[in-house]
Amino acid sequence: MISRRVGAFLIPLAGLAALAATPAAASAETHSLLFVQETSGGEVIRIGPSRYKVRLDGVSSQVTTFADRPARQAGQESARAFVARWGRRGFASDPPNAALVVHGAPASSDVMILTLSHPRYDRARRTLTYAARPLDDAPAGELAGLSERGDRMRARRFGAASLFIDDSGWTVAHRVVLNFKNVLPGHFAEVQLDSGGDVAFATSTPSAPGAGLQFDAASVRINGFQVSPQTVAVSLGAAPDGTFNPVDFSVSLFIVGDADAEFGLHSYDAGFQPHMWVTASIGGAPPQVIPQG
């Protein structure tokens with residue numbers, strides 16, 4: 001049995017709503033992510049009027065992410081990936097708000113509210129440096145609670161701390177329905193997402209807790225159903241009566257990722273299924289064929 005690439009189409013994630021013929025496409029979800037970086041210490045260095053440099057020493061190699069309410073889903077990405085995605089998240093043109101919370105410091109100097117830009121990560125030295133400015137206005141969203149504890153920004157060294165960075169709406173999620181047609185029992189079919197890691201399949205979002213698998217045939221045996229960040233794969237067995245008639249089924253889930261990222265979808269089969277084909281409807285847009293050849 002072999003898997004082969006047989007077709008693709010390229011779509012910008014943020015522009016999917018424009019493809020739709022129905023209002024459903026406008027229901028794309030945009031979720032704010034809160035990024036948290038842990039460090040064993042660091043320094044705030046004044047370099048000019050209202051201009052500072054913040055250096056994190058012994059910074060964790062992983063950045064923790066929290067999706068906004070109601071799900072409050074958590075995840076992780078590497079510090080290197082976080083810095084590499086800075087521009088794609090819109091941070092280069094619109095610097096994010098942040099709160100530096102120093103553990104164990106007096107209440108008069110434990111929280112600094114600031115904006116960050118120009119990150120520089122040195123993996124070997126475990127340092128991460130930002131350009132920073134004090135934030136005069138109280139931030140909204142995830143940092144609103146910390147802003148009430150904010151102290152005057154000043155040059156200083158500090159010990160163990162957490163840096164909270166609010167992205168104000170980076171992640172975009174669209175529902176996708178994959179329709180598999182004429183799949184032979186005893187074979188598997190899959191759809192693969194190519195995105196460089198900036199877009200992924202997901203079985204839920206904060207406002208939609210689950211994906212679904214639906215069959216049009218009452219008698220079908222599922223040998224395996226797998227959803228990974230880059231792949232949806234379904235393996236079929238023979239029907240309970242021993243027949244191997246082709247079946248149709250659909251998988252409903254989500255595509256989630258960077259608003260500015262582009263991605264491709266490729267359909268694969270295992271073995272020779274000349275009549276199998278797959279369509280994808282994303283964000284309520286009309287189905288597009290992922291051709292099988």
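## Fold, cores and a buried glutamine

The protein chain has two helices and 22 strands. The model is predicted. Of its 293 residues, 48% count as buried. The chain exposes about 13,700 Å², and carbon and sulfur atoms supply 51% of that area. Among contacts with a separation of 6 or more, 73% join residues 24 or more positions apart.

**The cores.** The largest nonpolar core has 28 residues. L114, L116 and Y130 touch the most other members. Several elements each supply at least two residues of this core, including strand β3 and those tabulated here.

| Element | Residues |
|---|---|
| β5 | 51-57 |
| α1 | 79-84 |
| β8 | 97-102 |
| β9 | 111-122 |
| β10 | 127-134 |
| β12 | 161-166 |

L114 belongs to the largest core. Leaving out residues up to four places away in sequence, L114 touches V54, P96, N97, A98, A99, L100, A132, R133, P134, L135 and M153.

**Q37.** This residue is found in strand β3, residues 33-39. Q37 counts as buried because its relative accessibility is 2%, under the 20% cut-off. Its side chain makes a polar contact of 2.8 Å with the side chain of Y130. Y130 is also one of the core residues that touch the most other members. Beyond neighbours within four places in sequence, Q37 is in contact with L56, V63, F82, L128, Y130, A161, S162, L163 and I165.

How values were computed: Residues are numbered from 1 along each chain as its sequence is written. This is a predicted model: local features need pLDDT of at least 70, side-chain atom pairs count only at pLDDT 80 or more; totals for chains, interfaces and linings use all residues. Side-chain values use heavy atoms; hydrogens and water are left out. Helices (H or I, at least four residues) and strands (E, at least two) are DSSP runs, numbered from the N terminus. Buried means under 20% relative accessible area, exposed over 50%, partly exposed in between (1.4 Å probe, protein chains only). A polar contact is a pair of N or O atoms within 3.5 Å; within protein, one must be able to donate a hydrogen and the other to accept it, and residues adjacent in sequence count only if both atoms are side-chain atoms. Contact means heavy atoms within 4.5 Å. Accessible areas come from the Shrake-Rupley method with a 1.4 Å probe; for residues, only the protein chains shown count as cover. A nonpolar core is a set of buried Ala, Val, Leu, Ile, Met, Phe, Trp, Tyr and Cys residues joined through side-chain atoms within 4.5 Å.
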